[in-house]
Amino acid sequence: MSRIAETFAALRARGQVALVPYFTAGDPDLPTTRDLVRAALAEGADAIELGVPFSDPMADGPVLQRSAARALAAGMTLPRVLELVAKLRSESTQPIVLFGYYNPFFRYGVERIAADAAAAGADGFLCVDLPPEEAGDLRAAARGAGLDLIALLAPTTPMARVRTIARVASGFLYFVSVLGVTGARAELPRELPALVRRARAVTHLPLGVGFGVGRPEQAAWIAGFADAVIVGSALARLVEEGEREAPARVASFLGGLRRAIGAAAAARTA
Amino acid sequence: MPRSKSSSAAPKLPDAAGHFGVYGGRYVSETLMPALIELERAYRRLRREPGFRRELASWLRDYANRPTPLYFAQHLSRRLGGARIYLKREDLLHTGAHKINNTIGQALLARRLKKTRLIAETGAGQHGVATATVAALFGMRCEIFMDAMNEALRDWIATVRDTFYVIGSVAGPHPYPLMVREFQAVIGEEARRQVLRACGRLPDACIACVGGGSNALGLFHAFRRDRRVELIGVEAAGRGLETGAHAASLAAGQVGVLHGSKSYLLQDETGQIRNAHSISAGLDYPGVGPEHAWLRDSGRATYVTVTDDEAVEGLRFLTSTEGIIPALESAHAVAHAIRLAPRLDRRQILLVNLSGRGDKDMGTVADYLGVKLT
């Protein structure tokens with residue numbers, strides 16, 4: 001069983017829901033990212049999504065676009081992201097997913113990135129612009145290296161396609177909550193619980209919900225029907241505004257989300 | 001002149017998943033996948049439907065001004081003293097460039113799909129104008145993004161239920177490279193008939209500029225089985241390939257994935273996309289349509305480059321000999337014809353796609369030449 005599957009199985013056994021923060025690796029620099037991840041893990045994050053910055057982030061809103069631009073300006077590359085993974089792995093057992101756009105992985109070499117990511121201690125990949133139809137090479141390489149390739153579901157994905165995607169996915173399924181790019185939203189779509197439950201009917205994989213989450217109430221709401229709450233842009237904004245205080249502010253924010261999720265999950269199983 | 005080595009048993013491309021060999025495909029967010037699948041199904045149905053084809057043909061004729069003339073550039077040819085140069089006059093279309101061929105087609109498709117809003121990206125502005133034009137014609141809302149494709153894709157992810165993304169080149173995710181090629185193929189279909197009528201034979205070469213590559217594929221497609229007709233795409237070498245300030249993805253790029261498909265890209269060794277440069281905004285794109293990558297690999301088409309300097313000189317030379325101002329994009333194709341013609345003899349024919357008119361570029365050219373427009 002992969003580290004991701006084990007983590008979700010353990011949470012499910014405790015009736016709990018995962019908190020999964022996203023950080024762009026190297027925003028504003030690698031040591032800070034390391035501090036941010038440590039802070040997140042100390043606040044009870046169950047897994048980490050580590051963003052591999054890309055010059056043309058087509059599915060991201062302004063906050064994560066700026067975050068990627070800062071990381072690239074600081075000289076971030078995929079080999080340096082892998083160094084960070086290795087450092088984090090030496091001090092934590094929580095799953096780490098490399099999250100990004102396909103081209104940097106493709107350019108590095110699909111077989112090579114799978115082998116090197118596994119050696120560094122990463123647990124999976126998520127490529128925003130790599131639908132299952134085109135993911136054959138990376139999926140095979142990931143599987144060969146014992147890594148998961150996380151698949152995305154969107155509000156527009158029809159049921160037959162949900163089934164097809166679930167059949168080839170591993171680790172967990174990432175449900176995109178909103179029609180649109182990344183970025184915190186004042187309101188999340190009312191039909192989200194129904195969409196997630198509909199997907200749950202055809203898969204045993206855990207379902208995480210991301211995009212748009214910015215407040216503890218939203219995290220608590222999602223914890224009522226999903227297996228993981230994924231939060232990204234809200235953290236990148238704290239990094240952007242917080243500078244040196246960013247790790248402390250991120251810790252306090254994630255602590256709030258963790259408590260809200262914990263209470264909601266407990267209420268769900270009660 | 002070298003002859004191409006293409007096989008007559010060439011596979012029918014793209015395949016069902018939109019691949020041209022290893023290129024093409026569909027690399028987009030899951031949110032957009034269902035819309036692209038729906039679009040592909042609708043397009044495959046409509047492209048064979050006589051009613052749709054009649055409707056498209058009538059708008060192209062009565063509104064866009066098709067067929068466009070094939071013009072023998074006799075003064076230009078005489079001055080160069082070699083091959084005879086024929087110009088396919090896409091610059092005479094409504095809105096001043098070939099882009100309208102495609103936007104009419106896609107807008108009709110959008111209407112059949114009951115979409116009420118069009119979006120488009122635009123570099124030189126020609127595709128943006130052509131999209132806004134058909135939006136007005138068909139009573140649709142419209143928004144144009146003055147950026148390559150990132151902002152348009154971001155909009156589309158949020159609006160996909162009521163919005164149709166009108167991509168202007170043979171780039172992007174499947175089915176766009178196929179669809180745009182087919183909407184532009186009218187250029188080559190007409191030109192092939194016209195050159196046969198005028199000269200009694202096929203040209204020795206077809207020459208067209210390549211940014212994303214829609215006017216080039218539009219010209220080339222009808223000649224793809226004419227193995228003696230050389231197909232030459234002209235990329236923008238900007239300030240020179242050696243300076244790094246260029247837009248020649250095929251000449252100096254590597255394979256990668258951007259904006260929905262796999263093709264050649266200007267990128268660094270870590271897969272980050274590099275900025276393109278060309279004096280011509282329409283060629284200033286870091287990628288190229290996937291079918292061009294395949295055509296080059298297969299040997300059926302060849303690709304050369306022309307610098308900013310050569311393109312401006314091409315614009316000047318055509319303007320002064322024929323009184324026709326080409327767009328800076330098309331001036332790249334003209335410049336290559338100017339380079340090639342003197343090496344050939346009078347019996348040989350070069351067919352150049354004059355994809356757009358150059359009025360829009362007068363400010364740019366004046367700046368470049370240090371001329372003050374008053």
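Analyst: Let's start with one pair of residues: Cys206(B) stands opposite Leu351(B), which sits in strand 13 of chain B. Keep in mind that this is a predicted model.

Now look at strand 13 of chain B itself, which covers residues 349–354. Are its residues mostly covered or mostly open? Mostly covered: six of its six residues are buried. You can follow the two faces in the picture. Ile349(B), Leu351(B) and Asn353(B) point one way, while Leu350(B), Val352(B) and Leu354(B) point the other way. Residues on both faces are buried.

Next, step back to the domains. The domain assignment of chain B gives domain 1 (20–62 + 99–181) and domain 2 (68–96 + 186–369). Taken over C-alpha atoms, the centres of the two domains of chain B are 23 Å apart. Where they touch, domain 1 of chain B gives 32 residues and domain 2 of chain B gives 32 residues. On the domain 1 side, strand 2 (23–27), helix 4 (99–112), helix 5 (126–138) and helix 7 (176–184) of chain B each supply at least two residues. The largest share of that side, five residues, comes from strand 2 of chain B. By class, the domain 1 side divides into 17 nonpolar, twelve polar and three charged residues.

There is also an open sheet to find in chain B, with three strands in the order 6-5-7 and parallel pairing. Its edge strands are strand 6 (141–145) and strand 7 (163–165) of chain B, each pairing on one side only. On average, neighbouring strands in this sheet are turned by 20° against each other, direction ignored. Strand 5 (residues 117–121) of chain B runs parallel to strand 7 of chain B, and three bridges join them. To find that pairing on screen, look for Leu118(B), which stands opposite Phe164(B) in strand 7 of chain B. Helix 5 of chain B packs on the sheet, where it touches strand 5 and strand 6 of chain B. The direction of helix 5 makes about 175° with that of strand 6 of chain B. Helix 6 (residues 150–159) of chain B lies across strand 5, strand 6 and strand 7 of chain B, running at about 155° to strand 5 of chain B.

Finally, how confident is the model here? Chain B averages a pLDDT of 95, and 97% of the residues score at least 70. Residues 1–9 of chain B are where pLDDT stays under 50, and the model has 15 contacts beyond four places in sequence for them. The model scores ipTM 0.96 and pTM 0.96. Chain B also meets chain A, in a contact that takes 31 residues from chain A and 25 residues from chain B.

Methods: Residues numbered from 1 in each chain as written. Chains lettered and ligands numbered in written order. Predicted model: local features only at pLDDT ≥ 70, side-chain atom pairs only at ≥ 80, totals over all residues. Contact = placed C-beta atoms within 7 Å. pLDDT = per-residue confidence, 0-100. Buried ≥ 20, exposed ≤ 12 C-beta atoms within 10 Å, placed from the backbone. Helix = DSSP H or I, 4+ residues; strand = E, 2+ residues; numbered from the N terminus. Pairing = 2+ DSSP bridges. Domains from an automatic or database assignment. Nonpolar A, V, L, I, M, F, W, Y, C, P; charged D, E, K, R; others polar. Axes fitted to C-alpha atoms, helices over the stretch in contact; angles between N-to-C directions.
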